[in-house]
Amino acid sequence: MSTRQASGGDEPRIEHRDQLAAPMQAGEKPASAWRIGTEHEKLVYKTTDHRAPSYDEAGGIRDILMSMRQFGWEPVEEAGPSGKVDVIAMSGEDGTISLEPAGQLELSGAPLETLHQTCAETGRHLTQVKSIGEDCNVGFLGLGMWPDKAREDLPVMPKQRYEIMMRHMPRVGSLGLDMMLRTCTIQVNLDYSSEADMVKKFRTGLALQPLATALFANSPFTEGKPNGFLSYRSHIWSDTDPHRTGMLPFVFEDGFGYERYVDYMLDVPMYFVYRDGKYHDAAGLSFRDFMKGELSILPGELPTESDWWDHLSTAFPEVRLKSFLEMRGADGGPWNRICALPALWVGLLYDETALDAAWDLVKDWSMEEREALRNAVPAKALDASIPGGGKLRDLASEVLDIAHAGLAARGRLNSMGDNETGFLNPLRQIVDSGKVPAQVLLDKYHGEWGRDISRIYEESF
């Protein structure tokens, strides 16, 4: 059983600005060492009445976590807001199973070499949680947002950082609590070989992130009724916290690199500092002041490397840089679509010819056009207009062709054949049908479900 190591003590202090780019520089790897890290969240509900289980109840979130020990997972503990030590995650060979604020269960997968390994990891996780679900009378939903729960219907997990964030969110936006309590996502984390390679991948991924949002749009219901959006999860980010979200215009400016991203992160207000097993509330304070020893809650204290790493994790743009790039635009979804997201981005970003072709599609867009597309997609998905005329569905076909070619080239290079390309098939089916997942759910709601939102639980994970 492990606990989070307290920052401070003998850990190196950050005294100079040039230390801040070190995590990003340390992420540089030769192409042969590039890996794929996939994260996916799911909603947890009691099969008896569809409510979200609390942490402590019998068959609740703690019991679900602890039941994972039978599959070789080990508990990770942390003192909660009350001081009581709680299990807040499980660690194993397949990565980490952790908790989002209202008990959404997340697998942060291990860094893997192929999409086949990624899909096998996802399959193992699904098999394990379904087995535990039968014992605990819980089920799992692959959606971008709770379809029927109000904020007050949901429990809050005993994690100190969430208590701080939930106090702060209403100060900076009207939908931040919805982001924390009611949403789920799929993400993929990818590597780069150099600063220039990071820049090209960041720009391409950011410009095309609205396409991923559209293809995976899967959150059309709020509190039991259609909400007017196809990805309400994506809409939520538009009113969560303007200081730490969005399309990051500076990424497309000349001279962008590690140092410019450091500037951005220094401008992002802090959430917390972790010391001696406790999260200290630093919401709204400045990391620049922290580096000068002038943080009001810890006067004279300088930040550690862990403090900076923590701070890097508190920005939520559409693409995020740490020691890898995170693609963050997709709604949560069922198992048969999880592997499609890494397939899309690996196909586009891990082959140089594909990366060049993808960038060529979007490089001439203005920042205003990029913002307009991002703002249109939550409601319109593939029907959103793209710069130069046409609809996003037209661009989607071109992008999928490029991703297919990228995966095929990667397969030939690594003696895998073209067999990773099949993971794109769910996305091809979406484009060919003309309907994103949310539109399929809406058709069912207005048709065979007879507007009974409880029928969505039959969809399962």
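**Pockets, a cavity and the fold**

Biologist: How do the residues lining the second largest pocket divide into nonpolar, polar and charged?
Modeller: This is a predicted model, in which local features need pLDDT of at least 70, side-chain atom pairs count only at pLDDT 80 or more, and totals for chains, interfaces and linings use all residues. Residues are numbered from 1 along each chain as its sequence is written, and side-chain values use heavy atoms, without hydrogens and water. Ala, Val, Leu, Ile, Met, Phe, Trp, Tyr, Cys and Pro count as nonpolar, Asp, Glu, Lys and Arg as charged, and the others, Gly among them, as polar. On that basis the lining has nine nonpolar, six polar and four charged residues.

Biologist: Which residues of that lining lie nearest the centre of the second largest pocket?
Modeller: A pocket is an open set of points on a 1 Å grid over the protein atoms alone, with protein on both sides within 12 Å along at least five of seven lines; lining residues have an atom within 4 Å of a point. Helices α11 (335-338), α16 (425-433) and α17 (437-446) each supply at least two lining residues; helices are DSSP runs of H or I with at least four residues, strands runs of E with at least two, numbered from the N terminus. Of the 19 residues in the lining, those nearest the centre are P334, N336, R337, P437 and V440.

Biologist: Which element gives the most to the lining of the largest cavity?
Modeller: A cavity is a set of grid points where a 1.4 Å probe fits but cannot get out. The lining here consists of M270, Y271, F272, V273, F287, D307, D310, H311 and T314. With three residues, the element that gives the most is α10.

Biologist: Is I386 buried or exposed?
Modeller: I386 sits in the loop between α14 (367-380) and α15 (392-413). Beyond its neighbours within four places in sequence, I386 is in contact (heavy atoms within 4.5 Å) with L373, K391, L392 and L395. Buried means under 20% relative accessible area, exposed over 50%, partly exposed in between, with a 1.4 Å probe and protein chains only. The relative accessibility of I386 is 14%, so I386 counts as buried.

Biologist: What share of the 461 residues in the chain is buried?
Modeller: The chain has 17 helices and 16 strands. Its C-alpha trace spans about 60 × 55 × 45 Å along the principal axes. Of the 461 residues, the buried share is 60%.
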